[in-house]
Amino acid sequence: MNRHSLNFNQITRVKSSCLSSLARVTFSLFCITAAYFCYAGTEQPTGGSYGLALDPVPTVNFIFLTPANAQQQQAKDIIQHSSILATIKQLSQTRYIFAPSLEIVFGSTKGPNFDATKKQIKIPYLYIYQLLQHASKTGTYLTQQQRYQATNDALLLTLLHEIGHAYILDRAIPILGNNETMVDNFVTILLLNDIDRGDEIAINSNQLFSIRELNAPPLSNNLFIQQHSFNQQRYQHILCLVYGSDPIRYQRLFDSFPLVQRQQQQRQCSDVFSTTHQGWLYYLDN
């Protein structure tokens with residue numbers, strides 16, 4: 001009786017041990033499977049491949065060439081100490097996604113321009129230094145902080161403009177009408193939707209890039225300025241987009257315009273903004 005009882009207890013312990021081992025194996029398999037699916041959903045995209053990534057990597061690369069003198073070093077410091085790089089990088093994760101990545105080269109001898117062959121945007125240090133000089137000479141910006149802010153705003157507009165040209169080419173977006181107006185729309189929609197103080201930068205763009213303001217050296221000799229300075233028609237179109245985005249907030253935006261022109265702008269700008277906004281978000285949201 002004792003012998004049979006002992007054997008029964010041993011058998012029970014063996015069965016319990018087997019069941020315990022089986023439970024541990026099952027639990028381990030469950031953990032491995034769960035870990036696999038968790039990892040699969042957070043894999044970072046590399047080499048231009050985008051899929052399940054929750055935190056996509058930037059699709060622009062910044063290249064800084066070695067400054068040749070103190071002025072160029074000052075220009076490089078302006079870029080690196082501003083929020084411009086972070087803004088451009090963040091937008092390249094969510095808005096304009098390039099595959100392969102777009103290179104932005106600071107310190108080139110020519111530019112600003114987008115080189116479609118090399119897929120590079122080139123920004124000379126001299127151009128940035130000249131922007132600072134321009135901000136200092138206008139008399140509008142009284143403090144050094146204001147002059148640096150104006151320089152950063154103008155540089156951000158320049159970068160977004162060239163990125164617009166690159167993005168249109170990269171996505172093979174049909175160009176309907178004037179190419180520069182199309183890029184103006186791209187820049188203004190990004191400013192209004194995604195960039196801190198974007199509306200202020202858009203409204204001040206005429207002050208930063210108007211033909212009248214830039215009609216004196218050294219910027220007047222720059223090819224980018226010659227091709228991209230704002231005439232009154234381009235500036236009115238940008239103001240129209242800003243007004244149309246929120247007519248109540250920007251109701252006084254056209255106060256300086258003649259009455260008939262002001263009423264005309266106010267009637268049509270909401271529709272202009274709606275059409276432009278929807279058209280660009282079709283690409284920027286996909």
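Arg234 sits in helix α10, which covers residues 232–245. This is a predicted model, so here's a quick tour of what it shows. One disulfide turns up in the structure, along with nine salt bridges.

- Is Arg234 buried or exposed? Its relative accessibility is 12%, below the 20% limit, so Arg234 counts as buried.
- Glu180 is 54 residues away from Arg234 in sequence, yet their C-alpha atoms are 9.0 Å apart in space.

**The disulfide**

- A disulfide is a covalent bond between the sulfur atoms of two cysteines.
- Here the partners are Cys240 and Cys269, with their sulfur atoms 2.1 Å apart.
- The bond ties together distant parts of the chain: Cys240 belongs to helix α10 and Cys269 to helix α11, and 29 residues separate them.
- Which hand does the disulfide have? The torsion about the S-S bond of Cys240 and Cys269 is about -120°, so it is left-handed.
- Both Cys240 and Cys269 are buried.

**Where α6 meets α11**

- Two packed helices are described by the angle between their axes and the distance between the axes.
- On the α6 side, the contact residues are Met182, Asn185, Phe186, Ile189, Leu190, Leu192 and Asn193.
- On the α11 side, they are Phe273, Thr276, His277, Trp280, Leu281 and Leu284.
- What kinds of residues make up this contact? Nine are nonpolar, four are polar and none is charged.

**Salt bridges**

- How many salt bridges are there? The count comes to nine, and a few of them are picked out below.
- Arg95 and Asp285 join through their side chains, with an N to O distance of 2.3 Å.
- This pair reaches across distant parts of the chain: Arg95 is in the loop between α3 (84–94) and β2 (102–106), while Asp285 is in the segment after α11, 190 residues apart.
- Asp199 pairs with Arg249, the closest N and O atoms being 3.2 Å apart.
- That bridge, too, links distant parts of the chain, with Asp199 in helix α7 (residues 198–203) and Arg249 in the loop between α10 and α11, 50 residues apart.
- Asp199 is buried, with a relative accessible area of 17%, but Arg249 is exposed, with a relative accessible area of 58%.
- Arg197 and Glu200 form a salt bridge as well, with their closest N and O atoms 3.2 Å apart.
- Both partners count as partly exposed: Arg197 at 27% relative accessibility and Glu200 at 37%.

- Most residues other than glycine have a negative phi, and most peptide bonds are trans.
- Where are the cis peptide bonds? One runs from Ala99 to Pro100, with omega near 0°, and another runs from Gly111 to Pro112, with omega near 5°.
- Pro100 lies in the loop between α3 and β2, and Pro112 is in the loop between β2 and β3 (113–115).
- Ala172 isn't a glycine, but its phi is positive, at about 50°.
- You'll find Ala172 in the loop between α5 (144–170) and α6, where it is exposed, with a relative accessible area of 61%.
- Arg197, the salt-bridge partner of Glu200, has a positive phi too, near 65°.
- Arg197 is placed in the loop between α6 and α7.

Note on methods. Residues numbered from 1 in each chain as written. Predicted model: local features only at pLDDT ≥ 70, side-chain atom pairs only at ≥ 80, totals over all residues. Heavy atoms only, no water. Contact = heavy atoms within 4.5 Å. Helix = DSSP H or I, 4+ residues; strand = E, 2+ residues; numbered from the N terminus. Nonpolar A, V, L, I, M, F, W, Y, C, P; charged D, E, K, R; others polar. Buried < 20%, exposed > 50% of the residue type's maximum accessible area, 1.4 Å probe, protein only. Salt bridge = Lys/Arg side-chain N within 4 Å of Asp/Glu carboxyl O. Disulfide = S-S within 2.5 Å.
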